[in-house]
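Q: Please take a close look at the charge pairing in this model. I would like the salt bridges first, and then their surroundings.

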Amino acid sequence: MSDNLNQIREKPFYKLLLGRTVLPLVTILGIGILYVVLMSMIDHPVLPFHIIIIVAALGKTIVITVTTLKRLSKLIKICHSLERLLWVFGLIIIISIFSFATDYACLYQFSHTTFEGVPDYSNSYIYNLYHFFYFSVITFSTVGYGDIIPTSDVARFVVMLEIFLSFFLIVFALANIKKIHINE
């Protein structure tokens with residue numbers, strides 16, 4: 001165990017951070033590409049697109065949770081500065097927020113009745129992604145302004161997944177804050 005930890009300490013921190021977060025990054029990127037392909041090539045009403053989004057969102061939540069528990073907890077043990085710790089948690093939070101923003105944007109593109117409060121003057125996926133990135137930040141932080149509201153059961157389920165993940169990450173961060181060995 002200590003040999004493994006010593007090998008980890010020898011590598012540059014940011015290279016380790018990237019290596020530990022490759023799985024969720026590739027998963028989210030792959031599912032994002034799948035969304036774009038499905039949205040542009042397939043007739044939405046025929047395909048159970050909402051079920052695909054639920055399965056993908058659940059899969060991404062599991063990948064992010066497992067990555068956080070297994071891979072990042074090892075990295076936190078060797079973290080020797082507050083700046084590095086903030087990079088670890090900042091990266092996993094940005095990954096999570098962007099992941100759910102893509103889910104919301106796809107749900108909205110599938111059916112405009114899944115959310116209320118999104119401006120009607122653009123049907124562009126990128127424009128809607130901007131609005132849902134905002135919504136995802138507000139949901140992740142549990143502020144909940146109420147300007148964008150999930151109205152379908154599928155959208156509510158995906159929002160609940162994001163809230164679960166945000167609580168999990170905050171509890172994980174607080175539980176591991178004592179494990180940092182800050183060099184002075």
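A: A salt bridge here is a side-chain nitrogen of Lys or Arg within 4 Å of a carboxyl oxygen of Asp or Glu. The model is predicted, so local features need pLDDT of at least 70 and side-chain atom pairs count only at pLDDT 80 or more, while totals for chains, interfaces and linings use all residues. Residues are numbered from 1 along each chain as its sequence is written, and side-chain values use heavy atoms, with hydrogens and water left out.

Searching the whole structure gives two salt bridges. In one, the side chains of Asp 153 and Arg 156 meet at 3.6 Å, N to O. Both residues sit in helix H7, three residues apart, which puts about one helical turn between them. Helices are DSSP runs of H or I with at least four residues, strands are E runs of at least two, and both are numbered from the N terminus. Asp 153 is exposed, at 62% relative accessibility. Arg 156 is partly exposed, at 40%. The cut-offs are under 20% relative accessible area for buried, over 50% for exposed, and partly exposed in between (1.4 Å probe, protein chains only).

The other bridge joins Asp 103 to Lys 60, with the closest N and O atoms 2.7 Å apart. Asp 103 belongs to helix H5 and Lys 60 to helix H4, so this pair ties together parts 43 residues apart in sequence. Asp 103 is buried, with a relative accessible area of 0%. Lys 60 is buried too, at 2%. Side chains of opposite charge can pair when their charged atoms come close.

Now the nonpolar surroundings. A nonpolar core is a set of buried Ala, Val, Leu, Ile, Met, Phe, Trp, Tyr and Cys residues joined through side-chain atoms within 4.5 Å. The largest one has 39 residues, and Tyr 104, Leu 107, Phe 115, Phe 132 and Phe 135 touch the most other members. Elements giving two or more residues to this core include H4, H5 and H7. H5 gives the most, with 12 residues. Beyond its neighbours within four places in sequence, Tyr 104 is in contact with residues including Phe 115, Phe 132, Val 158 and Glu 162. Contact means heavy atoms within 4.5 Å.

For the whole chain, there are seven helices and two strands. Of its 184 residues, 45% count as buried. Among contacts between residues at least 6 apart in sequence, 74% join residues at least 24 apart.
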